[in-house]
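I opened this structure to take notes on its strands, helices and charged pairs. My entries follow in the order I looked things up.

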Amino acid sequence: MRDEKMKYILVTGGVISGVGKGVIASSFGTLLKSCGLDVTSIKIDPYINIDAGTFSPYEHGEVYVLDDGAEVDLDLGNYERFLDVTLHRDNNITTGKIYKLVIEKERTGEYLGKTVQVVPHITDAIQEWVERVAQTPVQGSSKPQVCIVELGGTIGDIEGMPFVEAFRQFQFRVKRENFCLAHVSLVPLPKATGEPKTKPTQSSVRELRGCGLSPDLIVCRSEKPIGLEVKEKISNFCHVGPDQVICIHDLNSIYHVPLLMEQNGVIEYLNERLQLNIDMSKRTKCLQQWRDLARRTETVRREVCIAVVGKYTKFTDSYASVVKALQHAALAVNRKLELVFIESCLLEEETLQSEPSKYHKEWQKLCESDGILVPGGFGSRGMEGKIRACQWARENRKPLLGICLGLQAAVIEFARSKLGLKDANTTEIDPNTANALVIDMPEHHTGQLGGTMRLGKRTTVFADGPSLIRQLYGNPKTVEERHRHRYEVNPKYVPRLEEQGMRFVGTDVDKTRMEIIELSGHPYFVATQYHPEYLSRPLKPSPPFLGLILASVDRLTQYIQRGCRLSPRQLSDASSDEEDNVVGLAGATKSLRSLKIVSTPTNGISNGCNGSTSTSDGEGACGGVDLTNGHN
C-alpha cells in the first residue's frame, strides 16, 4: 500500500442490536488481512461503565480478558480470533472512559477555564483516542494500515449520539479517501407476507444520514438470501449503488461470511474506495486458507459430547470463548462438537428434594457425556453442583477440565473426600470455614470490585518431572496464559493434597500460587487457575482443551505416544467405512474433515498447538499440528 495514511472503516448498526456487526467488522478485517494488509480493530461501547469487568454474564455475555489485564467486551475476542492479533485495553472505548478522561483534564486545568461541552470536547477526545489507538501495533512491531471501528448499539440510541457526531467530524478530519462507512441493517422476512421488508433499513439509513453520515456499504442481514429486486429497492431509497448493497443471510458457519462478502465484491470496492493498492491479480490466493476452513465445516460426521457444568448456562454467550476453544479442539481431532449445558445448581441435593425430575435429567446428561468441563464463575450459587460434578468425574474416570473456579471446586472436593476435611471450602462462600482450601489474594479489595482481580497474561512455571499437561504444551519450562480470579488455592494444604495423588504441576514464578493440577492415575483430570480459552485459535487449539477432546474420544494416549502428532490411524474409527484425511507429519498436509462451528480463523499452529507463549525445554517438544494446508 503506497499511501501510508491510516485507513478507517466504521461499522454501524441499525434496526436492532445483535444484528451481527461484530462478525461483519471481523470479516472486513479478515478480507483485508488476507490481502497482505496490517489490520487493527476498535470496539466502541456507549455504556457509561469504565469497562466490562463488573457486568453480569447475563448482561453482555462473557467478560473477555486481554494480555494487559483489560476486561473488555466479548467482541474483542472475536477480533483476536479472526485476525490472530493481540489487542490492548485502549482498543475498547466506552462512554465512561471518554468522560473520565475529559473530566480529569478539566480538573487539571487543561481546558484553560473554558466551558467543557459534549461538542467539541467529548467529540474531540473520541477522535483523538481513535487516531492514537489506530497507530498501536497489534501484531509484532508493524504499524497497522487499516483500522476497523465497530460502534456498538444502534443508530438513534441516545447514548451513542456523541460518538456518531464525533465520526461525522472525523470523516472530514481524515479525508474522504481514508474513511469508509458500512451500515449493517436487518431485512426482516415476516411469515405473514413471505417477502423481505426494506422499510426498517430505509428508516435506519435515513436516520444515519440525518446525523451527517452517509453509508458507503449497506450490509443487509436476513434469514434467507434477498433477490436483486430487493437490493435495487434499497439502493434507490438509500442513495447507494446496487453493488454497494450486500446481503449476508443466515449461514451454517461464520467461516462463510468473509467468503460471501468477497463474492459480493467487497475487496474490489474497498480497494478502490480507500485507495489500498491491493494487487488484485493475487486475490484468488488471498482467502485459500479460509476456503479450506469453510469446506471442512461441512463434512465431519462423528461427534464428541462435552458437558459444560456452569452457573450461567441460560445465556450461551456467557461462555463464548470456552465454547469456541472446545470447537477449535474438536476441529483439530476431526470431531463435530456436541455441547450439553448443565446448570450446576440442578446437580445439588436440594434440587433432588425440590425438583427431582430436573435433578435426574441433569445427572443423566452428565453421565452420558464423553467429557466434562467446569468453567469459571463467581459467588456461591451452584458451587456445590460443580463440586459434585468434579467428584463424579474423579470417581468414574471421566475426562475433566476445570478452569479457574473449576480448579477450586476440584481441590475442595478432593480435600473433602481424600483428606476427610468435610468442612473444606472457599472463603468466597464461607469466610469462617476452619479449612479454607481456597483463600482470597492480596489483590482483592473487598470494597471495590472493578479491576481488583489478578488479571492478564502471567507466567506459569512447570514443576520438574513429566506431566500430561506439560507434554500437551510441548514440554516447555514455562507458559504464559491469561488470568481473571480473586481467589487461589491455600498453599499450606498443598503437601497433604499431593500425598493423596493430586499433583500441582504448575505454579507462578514465585512458586506460591498454584496454577495447574493433575490427578495421578486418571485418564484426564486437569484443572487450571488461568483461562486457556482466551488464547485458543481455530488452527491453534489450546492444549488443555485439546487434551480434553482427545481423552473424550480415547485418543490421548496415542497422541502423546506419537510426540503430540495426529495421524489418520489415531483419528479413524474401526467402524467407519470412510477414510479420514488428516494432517500428515513433517508439515505435509492433506484435506481435513471438520466440524460445523461458530468460530474464527487465524494462522497456523505450532509447538504445542496453542497461542500461548512458551519457552521450550529442548528435546521432547511436540512437533505441532499444521492445519493451515500450506497457506498463511
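How many bridges join strand 13 to strand 21, and in which sense do the two run, parallel or antiparallel? I found 4 bridges between strand 13 and strand 21 (residues 525-528), and the two strands run parallel. I keep in mind that this is a predicted model.

**Entry: strand 13 and its neighbours**

I picked one residue pair from that contact. Leu401 has Val526 in strand 21 as its bridge partner. Next I looked at strand 12 (residues 371-374). Strand 12 pairs with strand 13 in the parallel sense, over 3 bridges. Here I noted that Val374 has Gly402 in strand 13 as its bridge partner.

Then I checked how strand 13 (residues 400-403) is covered. In a regular strand, side chains alternate between the two faces of the sheet. Leu400 and Gly402 lie on one side of strand 13, and Leu401 and Ile403 lie on the other. All four are buried, and both faces are covered.

I also traced the connection. Strand 12, helix 16 and strand 13 form a β-α-β unit, and the unit is right-handed.

**Entry: a pair from helix 16**

Glu384 makes a salt bridge with Arg416, with 3.0 Å between the closest N and O atoms. This pair links distant parts of the chain: Glu384 sits in helix 16 (residues 383-395) and Arg416 in helix 17 (residues 405-418), 32 residues apart. Is Arg416 buried or exposed? I read 16% relative accessibility, so Arg416 counts as buried. Glu384 has a relative accessible area of 32% and is partly exposed.

**Entry: other salt bridges**

I looked up the total: the structure holds 31 salt bridges. One of them joins Lys457 and Asp67, whose closest N and O atoms are 3.3 Å apart. Lys457 is in strand 16 (residues 454-462), while Asp67 is in the loop between strand 3 (64-65) and strand 4 (71-72). The two are 390 residues apart, and the pair links distant parts of the chain. Lys457 has 23% relative accessibility, so it counts as partly exposed.

**Entry: helix 6**

I turned to a pair within one helix. Glu165 forms a salt bridge with Arg168, the closest N and O atoms being 2.8 Å apart. Both are in helix 6 (residues 161-173), and they are 3 residues apart, so about one helical turn separates them. Arg168 is partly exposed, at 28% relative accessibility.

Helix 6 has 13 residues. From first C-alpha to last it reaches 18 Å, close to the 18 Å expected. Its buried residues include Phe163, Val164, Phe167 and Phe170. Just after helix 6, Lys175 takes a positive phi of about 80°.

I then followed an open sheet of 7 strands, with the order 5-2-6-1-7-8-9 and parallel pairing. Which strands are at the edges? They are strand 5 (92-94) and strand 9 (245-249), each pairing on one side only. On average, neighbouring strands of this sheet are turned by 20° against each other, direction ignored.

Val219 has Ile246 in strand 9 as its bridge partner.

Finally I looked at helices on this sheet. Helix 10 (residues 266-273) packs on it, touching strand 1, strand 7, strand 8 and strand 9. The direction of helix 10 makes about 145° with that of strand 7. Helix 4 (residues 95-107) lies across strand 2 and strand 5, at about 70° to strand 5.

Methods: Residues numbered from 1 in each chain as written. Heavy atoms only, no water. Salt bridge = Lys/Arg side-chain N within 4 Å of Asp/Glu carboxyl O. Buried < 20%, exposed > 50% of the residue type's maximum accessible area, 1.4 Å probe, protein only. Expected span 1.5 Å × (residues − 1). Pairing = 2+ DSSP bridges. Right-handed = clockwise from strand over helix to strand, strands pointing away. Axes fitted to C-alpha atoms, helices over the stretch in contact; angles between N-to-C directions. Contact = heavy atoms within 4.5 Å.
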